[in-house]
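Dear colleague,

My notes on it come after.

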Amino acid sequence: MSNANNKMVEFENVVVVIRGQEVDLSDLTYNEFSELMNSLEDEEIADVLIKCAKCGATLCDVMGDIFDKQPGELTEDKTAVKKQMELIDKIHNAGAEVIMSSHVRKFISAEEVLKIALNHQERGADISKIVTFANSEEE
């Protein structure tokens with residue numbers, strides 16, 4: 001969450017090197033941070049998340065398809081899942097918890113939601129976030 005100054009963090013000198021340039025994350029607003037993260041490759045995102053955890057972040061959001069982009073944002077690729085688990089371990093070792101997110105963006109059954117949540121848990125996530133849509137009250 002942002003503070004009254006609309007800054008991402010209240011720390012100073014949270015500097016990461018991205019594509020050869022130093023970026024002080026503590027100077028970014030939430031929207032600027034989101035834009036930055038959306039412009040990065042998965043390995044760069046992982047580096048930023050680890051740095052944030054080392055600098056005192058308490059929760060890092062790891063996408064369920066980091067290292068292997070998929071519709072519904074949950075990969076089943078064994079290599080990608082292994083890399084996710086290694087990333088989550090590094091974030092935990094740096095002192096932060098992990099929320100794993102999958103934005104399905106369509107209606108799915110409660111059983112399918114539970115399957116995704118269990119996948120997140122198996123990968124080491126502390127919290128699971130699954131975004132679905134409903135098209136009617138029945139859904």
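Predicted model: local features only at pLDDT ≥ 70, side-chain atom pairs only at ≥ 80, totals over all residues.

Residues are numbered from 1 along each chain as its sequence is written, and side-chain values use heavy atoms, with hydrogens and water left out.

The largest nonpolar core has 29 residues, and L25, V48, L49, V62, L87 and I91 are those with the most contacts inside it. A nonpolar core here is a set of buried Ala, Val, Leu, Ile, Met, Phe, Trp, Tyr and Cys residues joined through side-chain atoms within 4.5 Å, where buried means under 20% relative accessible area, exposed over 50%, and partly exposed in between (1.4 Å probe, protein chains only). At least two residues of this core are supplied by each of strand 1 (15–18), helix 1 (30–38), helix 2 (42–54), strand 3 (59–63), helix 3 (78–93) and strand 4 (97–103), and the largest share, 7 residues, comes from helix 2. Helices (H or I, at least four residues) and strands (E, at least two) are DSSP runs, numbered from the N terminus. In soluble globular proteins, nonpolar side chains tend to be buried together. Not counting residues up to four places away in sequence, V62 touches L49, L87, I91, V98, I99, M100 and S101, contact being heavy atoms within 4.5 Å.

Helix 2 and helix 3 pack with their axes 9 Å apart and at an angle of about 20 degrees; the axes are lines fitted to C-alpha atoms, for helices over the stretch in contact, and angles run from 0 to 180 degrees between N-to-C directions. Helix 2 and helix 3 are therefore roughly parallel to each other, since angles under 35 degrees count as roughly parallel, over 145 as roughly antiparallel, 65 to 115 as roughly perpendicular and the rest as oblique. Where they meet, E43, A46, L49, I50 and A53 in helix 2 face K83, L87, K90 and I91 in helix 3. By class, this contact has 6 nonpolar, no polar and 3 charged residues, with Ala, Val, Leu, Ile, Met, Phe, Trp, Tyr, Cys and Pro counted as nonpolar, Asp, Glu, Lys and Arg as charged, and the others, Gly among them, as polar.

M85, which also lies in helix 3, is partly exposed, with a relative accessible area of 34%. Leaving aside neighbours within four places in sequence, M85 is in contact with E122 and R123, and although M85 and H120 are 35 residues apart in sequence, they are 9.8 Å apart in space, C-alpha to C-alpha. N119, in helix 4 (residues 110–122), is buried at a relative accessible area of 11%.

Which residues have a positive phi without being glycine? R19 has a phi near 50 degrees, and R105 has one of about 60 degrees, whereas most residues other than glycine have a negative phi. R19 is found in the loop between strand 1 and strand 2 (21–24) and is exposed, with a relative accessible area of 54%. R105 is found in the loop between strand 4 and helix 4, and at 46% relative accessibility R105 counts as partly exposed.

With best wishes
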